[in-house]
Amino acid sequence: QVPLVESGGESVQPGGSLRLSCEVSEYTWPKTVMVGWFRQAPGKEREVVAGIYLLADIKNIADSAKGRFTISQDKSKNTVYLQMNSLQPEDTAMYYCVADTRLGVAGRSWSRLSDYDSWGQGTQVTVFS
């Protein structure tokens, strides 16, 4: 069973909106402490976009996305969403869902890529003029 499956990436015009979904497997969801979204554009480094601590429902958005993106969860569907509004060409990237299922770890950070141990296959978002 694949731990994480992303969907929702499309091509949109500037100013448009998309909602990305990250479905976490039934096996992985109970063990998941936090879920994050990262993105990577061609020739650029991976960049954190958002993260959520599932139990406490604490949500975090990177400065580059504040005011435009929101992250949420639907526990009944084992799914984390990334709602993206006012999309711009610089948002074009492959978006990856990541999950942290490690037990007994202190000092986790939603923005630290190395704190995640499961990755999805990615979903492409293209914003074109």
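Leaving aside neighbours within four places in sequence, Val49 is in contact with Trp37, Phe38, Arg39, Ile61, Ala62, Ala65, Phe69, Leu82, Tyr95 and Trp110, where contact means heavy atoms within 4.5 Å. The model is predicted, so that local features need pLDDT of at least 70 and side-chain atom pairs count only at pLDDT 80 or more, whereas totals for chains, interfaces and linings use all residues. Residues are numbered from 1 along each chain as its sequence is written, and side-chain values use heavy atoms, with hydrogens and water left out.

Val49 is also among the residues with the most contacts inside the largest nonpolar core, together with Trp37, Phe69, Val80, Leu82, Met84 and Tyr95. This core has 28 residues. A nonpolar core is a set of buried Ala, Val, Leu, Ile, Met, Phe, Trp, Tyr and Cys residues joined through side-chain atoms within 4.5 Å. Buried means under 20% relative accessible area, exposed over 50%, and partly exposed in between (1.4 Å probe, protein chains only). At least two residues of the core come from each of strands S3 (18–24), S4 (34–40), S5 (47–53), S7 (69–74), S8 (79–84), S9 (93–100) and S11 (123–127). Strands (E, at least two residues) are DSSP runs, numbered from the N terminus. A second, separate core consists of eight residues, including Phe38, Val48, Val98 and Trp110.

Phe38 lies in strand S4 and counts as buried because its relative accessibility is 3%. Apart from neighbours within four places in sequence, Phe38 is in contact with Glu47, Val48, Val49, Met94, Tyr95, Tyr96, Val98, Trp110, Ser111, Arg112, Leu113 and Tyr116. Between Phe38 and Gly122, the C-alpha to C-alpha distance is 9.3 Å, and the two residues are 84 apart in sequence.

Strand S4 is joined to S5 by six bridges, and the two run antiparallel; strands pair if DSSP finds at least two bridges between them. In this pairing, Phe38 stands opposite Val48 of S5. The two strands form a hairpin with six residues between them, and Gly43 in the turn has a positive phi of about 80 degrees. S5 is mostly covered, with six of its seven residues buried. S5 is also joined by four bridges to strand S6 (residues 58–61), again in an antiparallel arrangement. Here Gly51 has Asn60 in S6 as its bridge partner. S5 and S6 form a hairpin with four residues between them, in whose turn Asp57 has a positive phi of about 55 degrees.

A search of the whole structure finds one disulfide, defined as a pair of cysteine sulfur atoms within 2.5 Å. It is formed by Cys22 and Cys97, whose sulfur atoms are 1.9 Å apart. The pair links distant parts of the chain, with Cys22 in strand S3 and Cys97 in strand S9, 75 residues apart. The torsion about the S-S bond is about -70 degrees, so the disulfide is left-handed. Cys22 is buried, with a relative accessible area of 0%, and Cys97 counts as buried at 0% relative accessibility.

Asp91 is placed in the loop between S8 and S9. Because its relative accessibility is 0%, Asp91 counts as buried. Leaving aside neighbours within four places in sequence, Asp91 is in contact with Arg39, Arg68, Phe69, Ser86, Val125 and Val127.
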